[in-house]
Amino acid sequence: MTNNKKVKQIDRRIIFLLIFIGVALPLLITIGFKIEVTENVQKAYDLVNSLPPNTKVLISFDYDPASKPELHPMAKAVVKHCLERDYQIICTALWPMGVRMCSDTFESLEKDFPNKKYGIDFVNLGYKVGGKITIQKMGRDFRSVFPTDTGGINIDEMPIMDGVTDFSDLGFVFSFSAGDPGIKDWVMIAHDTYSVLTSGGTTGVSAPAMLPYVNEQGQLTGLLGALKAAAEYELLIDSPGSATNGMDAQSIAHLIIIIFIVIGNVNFYKNRKKNRERG
Amino acid sequence: MELFYSRLGVWIGVLFTFAIFSFLYKDNPFYKVAEQIFIGLSAAFWVVITIYDTLIPNLFKPLSENFGGNIILLIPAFLGVLMLIRIIPKLEWLSRFPIALLIGTTAGISFLRYLKSDVLNQLTATMLNPFAASDWISMIGEILLIVGTICGVLYFYFSKKHEGALGTSAKIGIYFLMVSFGAAFGYTVMGRISLLIGRLQFLMGDWLNLIAH
């Protein structure tokens with residue numbers, strides 16, 4: 001029986017190799033699978049697209065380099081959309097490395113928006129420890145949590161912060177979240193306590209846990225889940241980027257995994273049938 | 001010089017990527033070295049972040065600027081010191097006081113938030129009239145939502161044996177749970193593949209310049 005099992009098991013390294021090839025080749029040779037926009041991404045896009053110019057919005061970078069491949073493309077796409085809409089973007093981070101993720105996002109968009117000025121059109125307020133407690137305090141008194149930006153400049157000296165005292169002065173809150181603290185804390189405090197429209201993007205692992213918050217109560221207005229959602233957002237703003245480029249690879253890799261799941265299940269049923277016949 | 005450091009950073013990233021990926025073949029010294037360096041760097045990073053982003057702005061700076069006005073900060077500072085006392089076995093028991101305070105306040109704050117967001121709002125979101133939906137696809141979706149929620153909750157009702165109507169509902173509930181586990185697995189696979197795509201875009205783009213980046 002043990003020998004029989006060994007014969008039927010595929011060496012996991014062969015699976016790794018096939019996945020590697022399945023991901024690498026489509027990155028080199030574009031296939032161009034069609035990308036369909038899903039309802040949750042459309043809702044998030046509609047929210048970002050719905051406000052008048054000069055609205056102040058808050059974007060929180062709650063992730064670090066470990067989740068960068070999943071969350072950075074969607075962060076770039078949403079920030080680009082906000083800049084195109086002439087919103088004033090206030091950035092915060094509930095994760096220490098979120099500060100760097102934010103500055104990297106704006107640096108990568110610098111060429112597309114040469115007229116956007118730091119302190120007027122966007123600001124990086126940096127990282128604050130505390131998760132929920134920090135958000136709660138921001139809802140009551142924004143300035144006590146972030147008296148200065150990451151460079152130590154007093155926020156009173158920045159035109160973008162004029163009139164921002166609490167969450168009621170924001171059009172919406174958007175969190176790019178890799179876990180805890182993150183988007184759930186924004187839902188609990190920003191939306192459920194202070195009634196600010198809240199949306200965001202999460203990693204693939206976190207997305208199923210956050211999907212129930214996209215509901216009739218509007219706890220989340222849409223949700224971007226993993227790289228696929230980033231590609232959909234890039235399609236909506238007509239700006240293909242790294243997410244769009246990765247979609248062929250994603251589809252091929254999924255196809256390989258599905259084939260192996262089918263092979264595994266067929267083998268399982270065959271073995272079970274044989275064992276039953278043997279009694 | 002800036003370009004040199006930029007390329008050096010890319011090469012270091014490449015070497016560590018290969019060192020970590022080598023584990024897929026089998027455990028080896030390159031993987032172990034990369035893993036240990038990562039752990040060491042992470043620990044050091046968190047120490048620096050805690051000092052510069054938590055202790056200095058929230059404790060040392062306010063106390064140095066206005067000691068009398070911020071004297072209350074000495075209480076959390078003292079509790080923090082008690083936490084660190086855990087490393088002295090004889091005085092370990094003192095750390096229970098700040099831990100008790102932390103657990104108590106966290107539980108108190110979280111209780112109301114979770115009750116509102118995860119219970120009341122989630123329940124309200126399932127109280128729908130599916131027959132008022134705008135189209136038949138939405139109607140089916142809302143019926144599935146209501147049936148799935150009720151049957152899923154009934155599956156976790158253990159005060160009565162799962163037989164008869166309760167048994168059937170619980171069985172339907174477990175099918176819904178299976179579907180949700182499948183969806184969660186699918187999302188996890190998608191997430192992991194996205195990470196591999198990110199790494200390969202780095203290798204083929206930033207390092208080899210084979211693709212646009």
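In the predicted model, A:Pro181 is placed in the loop of chain A that runs between β4 (173-177) and α8 (183-191). The peptide bond leading from A:Asp180 into A:Pro181 is cis, and its omega is near 0°. Most peptide bonds are trans.

Both A:Asp180 and A:Pro181 are among the residues touched by A:Trp95. A:Trp95 sits in another loop of chain A, the one between β2 (88-93) and α5 (98-109). The relative accessibility of A:Trp95 is 17%, and A:Trp95 therefore counts as buried, since the limit for a buried residue is under 20%. When residues up to four places away in sequence are not counted, the contacts of A:Trp95 include A:Phe61, A:Asp62, A:Tyr63 and A:Asp64. A:Tyr127, A:Ala178 and A:Gly179 are also touched by A:Trp95.

Most residues other than glycine have a negative phi. A:Ala226 belongs to helix α10 (residues 226-236) of chain A. Its relative accessibility is 0%, so A:Ala226 counts as buried.

A:Pro73 is a residue of helix α4 (residues 68-84) in chain A. With a relative accessibility of 7%, A:Pro73 counts as buried. Leaving out residues up to four places away in sequence, A:Pro73 touches A:Lys68, A:Leu227, A:Ala230 and A:Glu234, together with A:Ser242 and A:Ala243. A:Pro73 and A:Pro240 are separated by 167 residues in sequence, yet their C-alpha atoms are 10.0 Å apart in space.

Chain A as a whole contains 11 helices and six strands. Its C-alpha atoms fill a box of roughly 80 × 40 × 35 Å along the principal axes. Of the 279 residues in chain A, 53% are buried. Among the contacts in chain A with a separation of 6 or more, 76% are between residues 24 or more positions apart. The domain assignment divides chain A into domain 1 (2-30 + 252-278) and domain 2 (39-240). The C-alpha centres of domain 1 and domain 2 of chain A are 40 Å apart.

In soluble globular proteins, nonpolar side chains tend to be buried together. The largest nonpolar core in the model has 86 residues, and those with the most contacts inside it are A:Val23, A:Ile89, A:Phe142 and A:Met161. Helix α6(B) provides the largest share of this core, nine residues. From chain A, domain 1 (2-30 + 252-278) and domain 2 (39-240) each give at least three residues to this core. Another core, of seven residues, lies apart from it and includes A:Ile183, A:Val187, A:Met210 and A:Leu223. The contacts of A:Val23, leaving aside neighbours within four places in sequence, involve both chains. In chain A they are A:Ala249 and A:Ala253, and in chain B they are B:Ile193, B:Leu196, B:Ile197 and B:Leu200.

Rolling a probe the size of a water molecule over the atoms shows where empty space is left. The second largest pocket holds about 1800 Å³ of space. The elements that give two or more residues to its lining are α3 (39-49) and α9 (207-210) of chain A, and α4 (96-126), α5 (136-155) and α6 (164-207) of chain B. The lining of the second largest pocket is made up of 41 residues, and nearest its centre are A:Leu211, A:Pro212, A:Val214, B:Leu145 and B:Thr149. Helix α5(B) gives the largest share of this lining, 10 residues. By residue type, the lining of the second largest pocket consists of 22 nonpolar, 14 polar and five charged residues.

Definitions and conventions:
Residues are numbered from 1 along each chain as its sequence is written. Chains are lettered from A and ligands numbered from 1 in the order in which they are written. This is a predicted model: local features need pLDDT of at least 70, side-chain atom pairs count only at pLDDT 80 or more; totals for chains, interfaces and linings use all residues. Side-chain values use heavy atoms; hydrogens and water are left out. On a 1 Å grid over the protein atoms alone, a cavity is a set of points where a 1.4 Å probe fits but cannot get out, and a pocket is an open set with protein on both sides within 12 Å along at least five of seven lines; lining residues have an atom within 4 Å of a point. Grid points are joined across faces, edges and corners, and a volume is the space filled by probe spheres set on the points. Helices (H or I, at least four residues) and strands (E, at least two) are DSSP runs, numbered from the N terminus. Ala, Val, Leu, Ile, Met, Phe, Trp, Tyr, Cys and Pro count as nonpolar, Asp, Glu, Lys and Arg as charged, and the others, Gly among them, as polar. Domain bounds come from an automatic or database domain assignment. A nonpolar core is a set of buried Ala, Val, Leu, Ile, Met, Phe, Trp, Tyr and Cys residues joined through side-chain atoms within 4.5 Å. Buried means under 20% relative accessible area, exposed over 50%, partly exposed in between (1.4 Å probe, protein chains only). Contact means heavy atoms within 4.5 Å.
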